[in-house]
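Good morning, and thank you for coming. Please look at the sequence and the structure on the screen while I describe how the parts are arranged.

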Amino acid sequence: MTDATDTLMIAAIQHEYGGAETISTGRIPVPAPGPKDVLIHVEAAAINPADVFLMRGVPRVLRLGSGLRRPRNPVRGSDAAGTVMEVGASVVGLSRGDRVFGAARGSLAQYATATAARLARLPDAVPPEHAAAVGMAGLAALHGLRAGGLEPVGAKPGGLESGARVLVNGASGGIGHLAVQLAAARGAHVTAVCSTRNVDWVRDLGAYRVVDYTRESLLDLGERFDLVFDNVGNHRIREMLALVADGGTLLPNSGVPGPDGGPMTRVAKAQWINLVTRGRRVTTFVSAPHREDLESLASMVAAGTLRPHLDTVFALTEASAALDRVAGHHAAGKVVVTP
Ligand SMILES: NC(=O)c1ccc[n+]([C@@H]2O[C@H](COP(=O)([O-])OP(=O)(O)OC[C@H]3O[C@@H](n4cnc5c(N)ncnc54)[C@H](OP(=O)(O)O)[C@@H]3O)[C@@H](O)[C@H]2O)c1
């Protein structure tokens, strides 16, 4: 274990918004944890589309929180797994040496601070790369299924019964591949949409049917689903609604611009279409770090019932390439960085 009394650390640093070329590796001071924070020695960090939005500073409204002209925190990355090195004065329940995972500030570095409440304990049986991989993506998969009426964890059944018909668009992505497994484990009949090269492993995740979008459009399936979890946004909400059965739900979950516009426009359209639609729901959700849900995901990974798929594991010095990989929208599963 490296000692946190080191004054400098290696980090992927960004001083201006832009593409992956604005990310370079350098030495900066180890961040100091606040009273509610812990300092983590990062063993693995996973990259999400949100890190790409923050890297680019687009949509621009994000800059209200991250810095108007340039990123206030020069280090990108949120998902982290590692070991607690220092504990803030008002933190209870975590001590130096504890292994944790969850949401941190600037995880593409040797050390990162994190609000203790946004972390969960990392079971010994779970490799840090897998824990980092199920942070934001696992929570979004779980919270999306829950928003659609399918309760993926716990004994309490949700609104959808076993055998519910669930369509996952973007089934090979960070969220999609976890949503397929969580829904299948809950007894849903999952139709998974991905491209040719991903068909076999996505079927192995428990999909009842796999649709290769390079050969068949999901709009031509001629089927109706109780829940349509759309992580891609490549079709209009109105077109996707035609896939939803009476009483069912459409979750437009993409933050990437598409035919319905950017994320803000898509949410506004979803709300409007929901208002004027009878018998079917269109709803969006915002996933946030939640300790009990992180613990549930970690238990499933430890038990082997949830299997994170790693697209690529990059070294910290290759953080720019890792962000570029996610920015390209074609990673299979999760992109992970190990300092
Ligand atoms: N609501 C929330 O709180 C929340 C939280 C986190 C993320 N999100 C949003 O959720 C979305 C998905 O995130 P993610 O991490 O899963 O993204 P991701 O991992 O970057 O998704 C990449 C995957 O998308 C697939 N894909 C690309 N084009 C496709 C198409 N036309 N049809 C089907 N699949 C296609 C790719 O497969 P191929 O290479 O085979 O094309 C690839 O496997 C993002 O837009 C993000 O902003 C929302």
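In this predicted model, six strands form an open sheet, and their order is β10-β9-β8-β11-β12-β13. The pairing in this sheet is parallel. As a general point, strands of a sheet pair through backbone hydrogen bonds, in either a parallel or an antiparallel manner.

Which strands form the edges? They are β10, residues 209-212, and β13, residues 281-282, each of which pairs on one side only.

Let us now consider one pair inside this order. Strand β8, residues 165-169, runs parallel to strand β9, residues 189-194, and five bridges join the two. Within this pair, arginine 165 stands opposite histidine 189 of β9.

Helix α5, residues 174-185, lies across β8, β9 and β11, and its direction is at about 165° to β9. Helix α4 also packs on the sheet, where it touches β11 (225-230), β12 (244-252) and β13. The direction of α4 makes about 145° with that of β11.

Helix α4, residues 136-147, has a further partner, namely helix α9, residues 291-303. At what angle do α4 and α9 pack? The angle is about 105°, and the axes of the two helices are 10 Å apart. Because of this angle, α4 is roughly perpendicular to α9. On the side of α4, the contact is made by Gly138, Leu139, Leu142, His143 and Arg146; on the side of α9, by Asp293, Leu294 and Leu297. Sorted by class, the contact of α4 with α9 has four nonpolar, two polar and two charged residues.

Is valine 282 buried or exposed? Its relative accessible area is 4%, so valine 282 is buried. Leaving aside residues up to four places away in sequence, valine 282 touches Ile237, Leu241, Leu250, Pro252, Ala270, Ile273 and Asn274. Glutamine 271 lies eleven residues from valine 282 in sequence, and the C-alpha atoms of these two residues are 7.0 Å apart in space.

Finally, I turn to the chain as a whole. The domain assignment gives domain 1 as 8-135 + 289-338 and domain 2 as 138-282. The centres of domain 1 and domain 2, taken over C-alpha atoms, are separated by 26 Å. How many residues does each domain give to the contact? Domain 1 provides 25 residues and domain 2 provides 23 residues.

How values were computed: Residues numbered from 1 in each chain as written. Predicted model: local features only at pLDDT ≥ 70, side-chain atom pairs only at ≥ 80, totals over all residues. Heavy atoms only, no water. Axes fitted to C-alpha atoms, helices over the stretch in contact; angles between N-to-C directions. Helix = DSSP H or I, 4+ residues; strand = E, 2+ residues; numbered from the N terminus. Parallel < 35°, antiparallel > 145°, perpendicular 65-115°, else oblique. Contact = heavy atoms within 4.5 Å. Nonpolar A, V, L, I, M, F, W, Y, C, P; charged D, E, K, R; others polar. Pairing = 2+ DSSP bridges. Buried < 20%, exposed > 50% of the residue type's maximum accessible area, 1.4 Å probe, protein only. Domains from an automatic or database assignment.
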